[in-house]
Amino acid sequence: MKHTQSNSRRKFIKNTAAGTALLSLGLASLEGFAKTGNEDRHLSPLIGFDQQPLPYAYNALEDVIDAMTMEIHYSKHAAAYSKNLKEAAKAEGIESTRPLEQVLQEISRYSMKLRNNAGGHYNHEFFWQCMQPKTKDNAPTGSLLTAIEKSYGSFAAFKEKFADAAKNRFGSGWAWLYIDSYKGMKLGSTPNQDNPLMDIAEIKGTPLLAIDVWEHAYYLKYQNKRADYIDNWWNLVNWNFVQQRFDKI
Ligand code: MN
């Protein structure tokens, strides 16, 4: 049964525009797609419609992000995106077994409710994985560091540019490090719950790293000081996760 599903998934990927786009982004080597399971989903770029357990406790990111912020963010804001995504997907005839990445790549076909909630759910599931408890001397290494240095001169210069994108996003949104369709390393920001996977986005590519700059992500501790939140957030970045995504593209 499982085998049959994999085969039909393969056919689906091969025979649709979304599948072609997915392949061109390097997201779905067919083997990797078939093997994706819950046990290694934290390594996988494929995100489903259900909210997954937070990979750490609410208080694990203290003193950068306080437990109360994490609890409200995960159990209220993010949970609602998943719930509303499933509701909108059902109403618009999208099977909940479809990889969310494919839906995002053709998001212009669907309603604003679907766009906001598919983006909201994807972005948060991705964001949780971009973080880990604070570590000393937190920085990328290896091929990822080399690519960052090649693109931005130095890790410090990269951080500054990424932080500028996050600070200068007016209102609510996200800043991203991503790989574009020419395999170039890029950074930028998106409004609301948009992301670079969406066909309507101003920046397009495969996300490597994201920061949530909606006020709900930092307001209890930092109030209007978004820049302080971003400065401290670097201590939480899970560079292993970013490296694993980088290796797959
Ligand atoms: Mn958020």
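Which residues does Ser82 touch, not counting residues up to four places away in sequence?

A: Ser82 touches Phe49, Asp50, Gln51 and His121, with residues up to four places away in sequence not counted. Contact means heavy atoms within 4.5 Å. This is a predicted model: local features need pLDDT of at least 70, side-chain atom pairs count only at pLDDT 80 or more, and totals for chains, interfaces and linings use all residues. Residues are numbered from 1 along each chain as its sequence is written, and side-chain values use heavy atoms, without hydrogens and water.

Ser82 lies in helix α4. Helices (H or I, at least four residues) and strands (E, at least two) are DSSP runs, numbered from the N terminus. Ser82 is buried, at a relative accessible area of 3%. Buried means under 20%, exposed over 50% and partly exposed in between, with a 1.4 Å probe and protein chains only. One of its partners is Gln51. The C-alpha atoms of Ser82 and Gln51 are 6.0 Å apart, across 31 residues of chain.

Lys83 also belongs to α4, which covers residues 67-91. Lys83 is exposed, at 53% relative accessible area. Its C-alpha atom sits 10.0 Å from that of Ala118, 35 residues away along the chain.

Now the wider setting. The protein chain holds eleven helices and three strands. Their order from the N terminus is α-α-α-α-α-α-α-α-β-β-β-α-α-α. Of its 249 residues, 49% count as buried. Among contacts between residues at least 6 apart in sequence, 68% join residues at least 24 apart.

Aromatic rings come next. The whole structure has 19 aromatic pairs. Rings of Phe, Tyr and Trp (its six-membered ring) pair if their centres lie within 6.5 Å; planes under 30 degrees apart are stacked, over 60 edge-to-face, the rest tilted. Phe127 and Trp174 pair edge-to-face, with 5.5 Å between centres and 85° between planes. Phe127 is in helix α6 (residues 112-129) and Trp174 in strand β1 (residues 173-179), so the pair ties together parts 47 residues apart in sequence. Both Phe127 and Trp174 are buried. Ring pairs also link these two into a cluster with Tyr58, Tyr74, Tyr122, Phe126, Trp128, Trp176 and Phe241.

In α7, Leu144, Ala147, Ile148 and Tyr152 are buried. They span an arc of only 105° around the axis, which puts them on the same side of α7. That arc is taken over the directions from the helix axis to the C-beta atoms. The buried residues of α7 pack against α8 (155-168), β1, β2 (185-191) and α11 (239-248). After α7 comes Gly153, whose phi is positive, near 95°.

The axes of α7 and α11 come within 9 Å and cross at roughly 80°. Axes are lines fitted to C-alpha atoms, for helices over the stretch in contact, with angles from 0 to 180 degrees between N-to-C directions. α7 and α11 are therefore roughly perpendicular. Under 35 degrees counts as roughly parallel, over 145 as roughly antiparallel, 65 to 115 as roughly perpendicular, and the rest as oblique. Ser143, Leu144, Ala147 and Ile148 make the contact from α7; Trp239, Val242, Gln243, Phe246 and Asp247 make it from α11.
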